[in-house]
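Colleague: Could you take me through the inside of this protein? I would like to start with the packing and then turn to the pockets.

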Amino acid sequence: MYWDQATETMSRDQLEELQLKRMKETLNRAAKAPFYQTLGIADYVIKDLSDIQKLPVTTKQDLRDAYPYGMVCTPLQEIIRLHSSSGTTGIPTVVYHSREDIQMWTELVTRCMYMIGVRPDDVFQNMIGYGLFTGGLGLHYGAERLGCLTIPTGPGNTKRQLKFMKEFDVSVIHVIPSYALHLADTLEAAGIKPKKEFPKLKSAILGAEPHSEETRAKIEDFFGIDAFNSYGLSEMNGPGVAFECPHKQGLHLWEDAFCFEIVDPETLKPTSPGERGELIVTTLTRQAMPIIRYRTKDLTMRITAECACGRTHQRIERISGRSDDMMILKGVNIFPIQIEQILIGTPGVGRNYQIILESKGHNDHMILKVELDPSMFIGDISSLEKLRAKLIRELHDEILITPDVDLCEPGSIPVAQGKAVRVIDNREL
Ligand code: DLL
């Protein structure tokens with residue numbers, strides 16, 4: 001049941017002692033990086049874990065400003081890999097790893113996969129991007145470490161994905177949730193029943209983008225499998241930061257490797273348990289490029305209750321969005337996931353949608369493109385009007401805005417190769 005029982009079930013006291021020790025080591029190491037030298041990190045004294053709040057935060061902009069080597073604290077010959085954001089729209093953020101860093105990352109990912117029941121006799125198809133993106137290689141190393149037959153398809157080429165899943169009797173897939181929904185659409189359009197086509201398929205690992213409980217349920221129901229939420233970010237290696245256990249009641253965040261805080265994004269003061277805030281993470285074991293108090297911009301809350309699985313590492317709730325994904329329309333704060341919850345839970349609605357924001361005079365306006373199930377286009381057109389009215393009513397109750405709802409056929413909205421593009425903001429500034 002546990003990959004590393006001693007670590008996963010360590011008492012809270014032991015875990016916090018380990019965190020404190022590793023935090024001190026991290027500060028000592030970080031003090032060698034030019035960026036942290038400028039911040040005078042060597043002068044901060046950590047006596048207990050709560051002293052972390054006295055340390056300065058690190059932002060994505062800091063990583064960009066320190067490009068290319070300003071965050072590195074080991075000699076280059078000790079570094080064996082870098083991962084990077086795409087950098088198509090500016091300076092990329094780069095994260096460097098030593099051999100031990102890659103080993104630790106692999107260990108964490110293996111721990112996650114073992115936790116949800118992946119074993120050496122599983123066939124694992126990795127449908128997430130390889131290369132500079134961390135999703136592909138991150139899980140790949142974990143799966144190989146476990147001893148799974150690993151198929152590195154990467155994303156896209158849906159026909160080949162489905163062919164491989166069938167012909168190699170794939171039992172576990174790693175997939176971005178919006179792409180899992182696209183696979184479901186493709187199968188449905190071809191009249192293929194997943195349980196018959198993929199009898200061995202038992203689980204999906206879903207990550208890299210926010211998705212609602214309703215989306216998970218839709219994927220689980222369609223494929224007849226268990227789907228587990230996997231959270232991570234490239235600054236903290238990538239996947240393997242927090243992961244659901246079989247109880248699926250929040251994600252265990254691996255506290256032997258990361259120290260996490262949840263704070264009010266405005267004041268940076270800790271929120272109380274059960275209150276949503278921004279997740280801040282500090283690396284505790286990273287050698288080549290430690291990061292102190294990284295502002296993830298991801299919104300979640302801490303779950304303090306013990307988990308029935310026996311793991312002592314605290315859980316966070318599924319990420320509800322990023323603070324910078326928040327749309328403000330007519331003064332109302334709206335997250336895409338609020339809209340997704342309503343759409344995905346409504347019978348007749350398909351699996352893809354897009355939110356388009358425009359200016360109408362001086363007002364903000366939302367157009368919601370919603371793909372429908374093919375069955376909705378057969379027969380009486382009045383059912384479409386009823387569905388549109390229902391969606392507008394429910395959306396208004398949730399987001400206090402009345403969007404235009406554009407009902408479209410499956411396949412009308414482009415499917416991204418990587419993370420889905422949910423919001424297109426065409427508003428004038
Ligand atoms: O998306 C790493 C990853 C790959 C995680 C594969 C899980 C699976 P980045 O490209 O740096 O790294 O993007 C990180 O994606 O800050 C969140 O906003 C979002 N994100 C990642 N996983 C989840 C999730 C990878 N399970 C950013 N739920 C993060 C919600 C997620 N958001």
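Core and pocket

Colleague: Which residues have the most contacts inside the largest nonpolar core?

Modeller: This is a predicted model. Its largest nonpolar core holds 67 residues. Helix H5, residues 99-115, gives the largest share of this core, nine residues. The residues with the most contacts inside the core are Tyr36, Met113, Tyr231 and Ile316.

Colleague: Which residues does Tyr231 touch, leaving out those up to four places away in sequence?

Modeller: Contact here means heavy atoms within 4.5 Å. On that basis Tyr231 touches Gly238, Pro239, Gly240, Val241, Ala242, Leu251, Leu279, Thr296, Asp298, Ile316 and Ile319.

Colleague: How many residues are in the other core, the one with Ala180 and Ile225?

Modeller: That core lies apart from the largest one. Leu181 and Ala227 are also among its members. The count is 26 residues.

Colleague: Which element gives the largest share of the lining of the second largest pocket?

Modeller: The pocket holds about 350 Å³ of space, and 25 residues line it. Helix H8 (177-189), strand S18 (349-360) and strand S19 (363-372) each give two or more residues to that lining. The largest share, seven residues, comes from H8.

Colleague: Which lining residues lie nearest the centre of the second largest pocket?

Modeller: By class, the lining has twelve nonpolar, seven polar and six charged residues. Domain 1 (1-323) and domain 2 (326-425) each supply at least three residues. Nearest the centre lie His182, Asp185, Asn352, Glu371 and Val415.

Note on methods: Residues are numbered from 1 along each chain as its sequence is written. This is a predicted model: local features need pLDDT of at least 70, side-chain atom pairs count only at pLDDT 80 or more; totals for chains, interfaces and linings use all residues. Side-chain values use heavy atoms; hydrogens and water are left out. A nonpolar core is a set of buried Ala, Val, Leu, Ile, Met, Phe, Trp, Tyr and Cys residues joined through side-chain atoms within 4.5 Å. Buried means under 20% relative accessible area, exposed over 50%, partly exposed in between (1.4 Å probe, protein chains only). Helices (H or I, at least four residues) and strands (E, at least two) are DSSP runs, numbered from the N terminus. On a 1 Å grid over the protein atoms alone, a cavity is a set of points where a 1.4 Å probe fits but cannot get out, and a pocket is an open set with protein on both sides within 12 Å along at least five of seven lines; lining residues have an atom within 4 Å of a point. Grid points are joined across faces, edges and corners, and a volume is the space filled by probe spheres set on the points. Ala, Val, Leu, Ile, Met, Phe, Trp, Tyr, Cys and Pro count as nonpolar, Asp, Glu, Lys and Arg as charged, and the others, Gly among them, as polar. Domain bounds come from an automatic or database domain assignment.
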